[in-house]
Amino acid sequence: MLDFFTIFSKGGLVLWCFQGVRGPAATAPVNALIRSVLLQERGGNNSFTHEALTLKYKLDNQFELVFVVGFQKILTLTYVDKLIDDVHKEFRDKYRNEFQQKGALGLLNGTFDFKDDFMRLLRDAEESSKVRAPTVMKTFEQSLKSQKTVKCMIETRGEKPKEKVKNKKNKGSKREGTEAVAAPAKAPAGDKQPSASGEKEELTKDEILQKNREEFFKRHMKAGEKSSKSPKPDAQKEKGKKPRVWDLGNSNAKVLDYSNSATNGSAEACPVEEFDPDTALGDRNREPGRLYDLEYESDDEAEEKVIQNPSKPSSKKGGLGGMFGMLKGLVGSKSLTREDMDPVLEKMKDHLIAKNVAAEIAVQLCESVAKKLEGKVMGTFTTVTSTVKQALQEALVQILQPQRRVDVLRDVMDAQRNRRPYVVTFCGVNGVGKSTNLAKISFWLIENGFSVLIAACDTFRAGAVEQLRTHTRRLNALHPPESHGGRTMVQLYEKGYGKDAAGIAMEAISYARNQGFDVVLVDTAGRMQDNAPLMTALAKLIAVNAPDLVLFVGEALVGNEAVDQLVKFNKALADHSMAQTPRLIDGIVLTKFDTIDDKVGAAISMTYITSKPIVFVGTGQTYCDLRSLNAKAVVAALMKA
Amino acid sequence: MTAGLEPHLAVLRGELGASGPALLSVLLALIVVVVTIVIWRCVQGRRSGRRAVLLLGLCDAGKTLLFARLLTGKYRDTQTSITDTSAVYRANNDKSTNVTLIDLPGHESLRLQFLERFKAAARAIVFVVDSVAFQREVKDVAEFLYQILIDSTVLKNAPALLIACNKQDVTMAKSAKLIQQQLEKELNTLRVTRSAAPSSLDGSVTGVPAQLGKKGKEFDFSQLPMKVEFVECSARGSKGEEGDADFEGLEKWLAKIA
């Protein structure tokens, strides 16, 4: 039932391949698996779907191998997990020598004749999972009931009445009034009869009924006596019922006024406090009337004082444990197990969350790192903590590396050559800095000699068009037409408020094409990701105008919201697009980066969710505050304690 | 010489004997430690000499297959590499020297990390280009090549660079000359756009971004501090999986620089 089963090294050499059903080669789906799962650190869940196939994989971190099995998506094979584990164990044991001693040459030269073992394991796995025949119902002879004798099933006086009383209680409660009188009369008569016919085993129904009734009545009488007693103390209590008196309830405002009427409002009676102007005013050296800046202590000093104290007691404890760990590492090759890594991973996960990485992403990242490190043999002189930290750092750098080229200028040049404008659209939620960063990017483009048309497609927010007009004026003042060969570098295309944004964008692009502008920057209105009609409108704008670059503007202050925003934006763009391959978000602009010191986790959250690069980073509100992302610096800030 | 040392040794021995055996053992231990450190440094020094040849290139360029062919001559199926593989290669020149061939992953998220790790040990770089998909990928190829060439360690060491135009067995493959011209044009443009990109977050790490080639003139591979050669090869070989690979040019170059 399997389509294929491959075993290959992490370096890329296929060691053994089994092609089950005659179908397409295994290379393309496995490559897709590697690219989307292993390289993007989504390794927590070990199955992956690619077109019509489901792929399950297992990593061997000790010998750097990957085991992948592929089967049709519509089949649900239950034995696959067990099969992978068995194959892994057997393959590793069989070729242990090649891996350990000969290294890469062993992999290259070795012939891995695994087919027979694999077929055997496959057969075993298939048999163990064969569907068992549905359980046959037991025949009557086999059941326990047939073994009971007739005698034990007959009702006798002793046992049955108890059950009947319970039933009767519910029904008889209504009739007790009428029957209470009749019952005692019949009771003595009824009593005699059953005692006389004690020999008879079956009583008539009526007799049983009567007997039950008298028993019930007796019980009721006893209960009645008790209940007749209880109302009496209640009645006595009732007579003595008095109105409840609250402590302050009846008193009027006068009683409640505790203020000293003599001092109320009179200034002389107020005691003269020791008024010390110094304590009230604080620092006497201030200039009157001046507002000072926020004093900023260097973080390092503060951190050192804080860290020194807790580290002293922990270092003593850690010293002994660390030494034993080190000795173990020295003596033998220690392979990492899940239990070893779990405490460290927990701490790293909390650390990441403290650095503003979205919670679910931190969890997935730690899972993926754990999968990558399980079974790995640590070198000498390395502790578990350092290995895990190293792996996590590599994973983070890997995530932040762009998967595609990030060179806007190059693409603008290409578009320039084809005589069409390069269209960039900015989208995002409210207040993240779209218009500000649009102005910064247009300043950067002008500095590099490209003319820019700003399309004011934010027709909703009050003052949006005026804001862009102010920016245009300023930019033209900074780069007057005289210094660029008489060409106005920036122009604003606006149609006022309340109009359709997609229409304005389309007109702006054709205007740019006619006038020969190099770049069109389209500014859209901020919208919440849950607002369905607005998301539809945005998707329509992007689908209709087909911009070259769709940039999502997100602020670095956002925490777990980043995941929700990006997922919903992407989903909206994908859902409302008519094309086969919908235009999704192409890049991210991370703004307000100067407001976070080293809590840079939002960068990780955003790139992880979309796997698109961060194209620009905004670090302030002036035109020069535009940077590009430096993956190593961000990861260093993230991993810093 | 020993005559001169004798009285000194005698004095030393006398002093050592006087202060007791404990001091002697401590001194012995110190000497052993010093000797070990010296030996260790020597061994490391010999090991860290630049003896590595790096196989770099985009994803699916054919680096891992080329690696396998060079080492064993046999055809192997390959998948996308996630880690590096290294092995010792015996060059077929007169001296029959050894170099370490290192095959690095070409995937975008990994390539820079591995380049960082191995660039210091690089004696030569083989940049593998997929000649069939070159037309489509020229910008990505040029960007990766630019990143390698602009690196400060690479500029300082100036390892020999060979651009191997792979997959020549396919009819649509571009020739080495065409690839050279296109790369020069692309790198020329990249010089301008990359240096104009917004500066990095923590102020630029490298003070002044290095300039590739000569200013004012069109970029040419001859302007680089290292020797650059172009060669055509086919890892798969014209006869497919059974036959040999077609890469005499590559082998000759390896023999030359080894």
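This is a predicted model: local features need pLDDT of at least 70, side-chain atom pairs count only at pLDDT 80 or more; totals for chains, interfaces and linings use all residues.

**Entry 1**

I began with one pairing: in strand 5 of chain A, A:D60 has A:L65 as its bridge partner. For my own bookkeeping, residues are numbered from 1 along each chain as its sequence is written, chains are lettered from A and ligands numbered from 1 in the order in which they are written, and side-chain values use heavy atoms, with hydrogens and water left out.

Strand 4 (residues 53-60) and strand 5 (residues 65-72) of chain A run antiparallel and are joined by 8 bridges. I take helices (H or I, at least four residues) and strands (E, at least two) as DSSP runs, numbered from the N terminus; two strands pair if DSSP finds at least two bridges between them.

Next I traced the sheet they belong to in chain A: it is open, has 5 strands in the order 2-1-5-4-3, and its pairing is antiparallel. Strand 2 (14-19) and strand 3 (47-50) of chain A are at the edges with a single partner strand each, so one side of each has no neighbour in the sheet. From one strand to the next, the twist averages 15°. My angles run from 0 to 180 degrees between N-to-C directions, with axes as lines fitted to C-alpha atoms, for helices over the stretch in contact.

**Entry 2: a helix on that sheet**

Helix 2 (residues 80-94) of chain A lies across strand 1 (2-9), strand 2, strand 4 and strand 5 of chain A, at about 35° to strand 4 of chain A. Contact here means heavy atoms within 4.5 Å.

I then checked for charge pairs. A:K56 and A:D81 form a salt bridge through their side chains (3.8 Å, N to O); the term needs a side-chain nitrogen of Lys or Arg within 4 Å of a carboxyl oxygen of Asp or Glu. This pair links distant parts of the chain, with A:K56 in strand 4 of chain A and A:D81 in helix 2 of chain A, 25 residues apart. Over all chains, I find 35 salt bridges in the whole structure.

**Entry 3: the mixed sheet of chain A**

Another open sheet in chain A has 8 strands in the order 8-7-9-6-10-11-12-13, with mixed pairing. Strand 8 (490-493) and strand 13 (626-627) of chain A are its edge strands, each pairing on one side only. Strand 10 (residues 549-555) and strand 11 (residues 587-591) of chain A run parallel, joined by 5 bridges. Opposite A:V553 I find A:V589, in strand 11 of chain A.

Helix 21 (residues 601-610) of chain A lies across strand 10, strand 11 and strand 12 of chain A, at about 165° to strand 11 of chain A.

**Entry 4: where chain B meets chain A**

How many residues of chain B are in contact with chain A? I get 45, against 48 residues of chain A. The two chains bury about 4000 Å² between them, 57% of it on carbon and sulfur atoms; that is the accessible area (1.4 Å probe) lost on being put together, summed over both.

I count 7 salt bridges between chain B and chain A. One that I looked up joins the side chains of B:R117 and A:E394 (3.7 Å, N to O).
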